[in-house]
Amino acid sequence: MPELPEVETIKNNLLHILKNKVIDDVIIKRPSTILGDNDEFSNAIKNKQILDITRIGKFLIFHLSNNVCFLSHLRMEGKYYQLLKDEPDSKYARVVFYLNDKTKLCYDDSRCFGIMKLSNENNLLKEKEIAKLGPEPFNIDNPNYLLKKAKNKSIPIKTFLLDQSVMSGLGNIYVDETLFASKINPLTKSSSITLKEFEQIIKHSKQILTRAIQSGGSTIKSYHPGKGIDGNFQIQLQVYGKKGQDCPICHHPFRKIKVNGRGTTYCPICQPLKKSFFNIAIYGPSGSGKSEVINIFNQHGYQNIKCDDIVNNLYKEKEIVDAISQMFNITFPNGVVDHNILRSYLANNLNKKPQLEKYIHPLVKNKINAFLSSCTSDLRIVEIPLLYEAKMENDFDIIIAVESKNKDAQLCNRNKIAYKDLKVINATSHYEKNKKDADFIIFNDSTLESLKNNVEEIINKLITRLN
């Protein structure tokens, strides 16, 4: 979605080509683009001169003669193209303005989310779309304004800053950039942001938006402001869209998560999360030493649960035993799911593994959520080897990856009979693909004492983040 810098760029370009021209005619090709009566809109702006184009938040305001104006919001993919009158309309033209210089202006919108609304100079600021907008960062000098707005709000700071009624103009790109520059984790509870941190948010949002406007905004994926117009600020972006790339400050890979459905990229080291407690996932390949890490947390009194224990208990429930038996046409003696039998079957039928995961992962997830909701310790630990396969990576505040060069040897020592099957199944793990997303990586290739020191160092770091 075009944000403040992109809309400002479009405004400046449109003003350059449209100022003082007269709208001879209007063809509305998609009636729902216009909020209100289509005929009233057309009749009101015909034969009117375009005196000025301004911007409020992400709204373009076309100021016409005779006190008439209309507002335009581009939403996801809205664009304006200037064409010769005899040229074909743009591919997704929704409204076409014919001008008095043998040109036309096509409002093009492939997604059809953009809107226009007729108004007049006296009522413009009273229009509900405009009246509900908060001030732009450029117009906020006192951080107390944001501090008061955030009071008692438990929503993440990213969601708070995206609320256009709080502060207008910032969207997904520039919120990520602002929070990175301010060293604030996007998941931080809004009410816990300090006055000094809001000072940094205002300061950096002004700086970033100013540089973006000077660069003509950002051209991201399918969005270009208009015909032949490309912004250049994307080459200056520090964090947005850079999942897996190294942070230029600490060189830890950037991590991407979802915050209220919005893709969000941040550095887990430069933007450490501060909470009153942390839900921590420990994951890695079989044989890497996750249980040893869990035991160290346990020695420090932190509540923990292991997915292997959850699964073992689930595999004793008759309903689940029957379901898995029918799913794979396997008979389990003793009335429980036999790990060796199931493991051998999956190793020889890897294409069936996703079917089992689809069934068992939601059950495991319910048990994990019940455990986390009942916890009282500051650090709540879950050993979850298949974190990404279960799609639970966004359910945890902190992710700790554990790996070991000796995992095959440890697997063999643990269960020589099952070793070959475990090695085959291990090869399907998503660990290597996703380990860059971890907040911490523990390399378990030395002594138990060294492992203990590594874990305790992480514990101390996390304790300092608790508020």
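Is Asn334 buried or exposed? Asn334 is exposed, with a relative accessible area of 75%. Here buried means under 20% relative accessible area, exposed over 50%, and partly exposed in between, for a 1.4 Å probe and protein chains only. The model is predicted: local features need pLDDT of at least 70, side-chain atom pairs count only at pLDDT 80 or more, and totals for chains, interfaces and linings use all residues. Residues are numbered from 1 along each chain as its sequence is written, and side-chain values use heavy atoms, with hydrogens and water left out.

Nine strands make up an open sheet. Their order is β2-β9-β5-β4-β3-β1-β7-β8-β6, and the pairing is mixed. Helices (H or I, at least four residues) and strands (E, at least two) are DSSP runs, numbered from the N terminus. Two strands count as paired if DSSP finds at least two bridges between them. The edges are held by β2 (34-35) and β6 (79-84). Each has a single partner strand, so one side of each is left without a neighbour in the sheet.

Strand β1 (residues 22-28) is antiparallel to β3, and two bridges join them. Val22 stands opposite Gln49 in β3. Six bridges connect β3 to β4, again in an antiparallel arrangement. Ile56 has Phe59 of β4 as its bridge partner. The hairpin of β3 and β4 has two residues between the strands. Gly57 in this hairpin takes a positive phi near 60°. Strands β7 (residues 93-99) and β8 (residues 103-108) also run antiparallel, joined by five bridges. Tyr98 is paired with Lys104 of β8.

Helix α1 (residues 4-18) lies across β3 (48-56), β4 (59-64), β6, β7 and β8. Contact means heavy atoms within 4.5 Å. The helix runs at about 160° to β3. Axes are lines fitted to C-alpha atoms, for helices over the stretch in contact, and angles run from 0 to 180 degrees between N-to-C directions.

Backbone phi values also deserve a note. Most residues other than glycine have a negative phi. His251 has a positive phi, near 70°, and is a residue other than glycine. His251 sits in the loop between α7 (195-214) and β10 (255-259). The residue His251 is exposed, at a relative accessible area of 54%. Asn334 is not a glycine either, yet its phi is positive, at about 75°. The loop between α10 (318-328) and α11 (339-348) contains Asn334.
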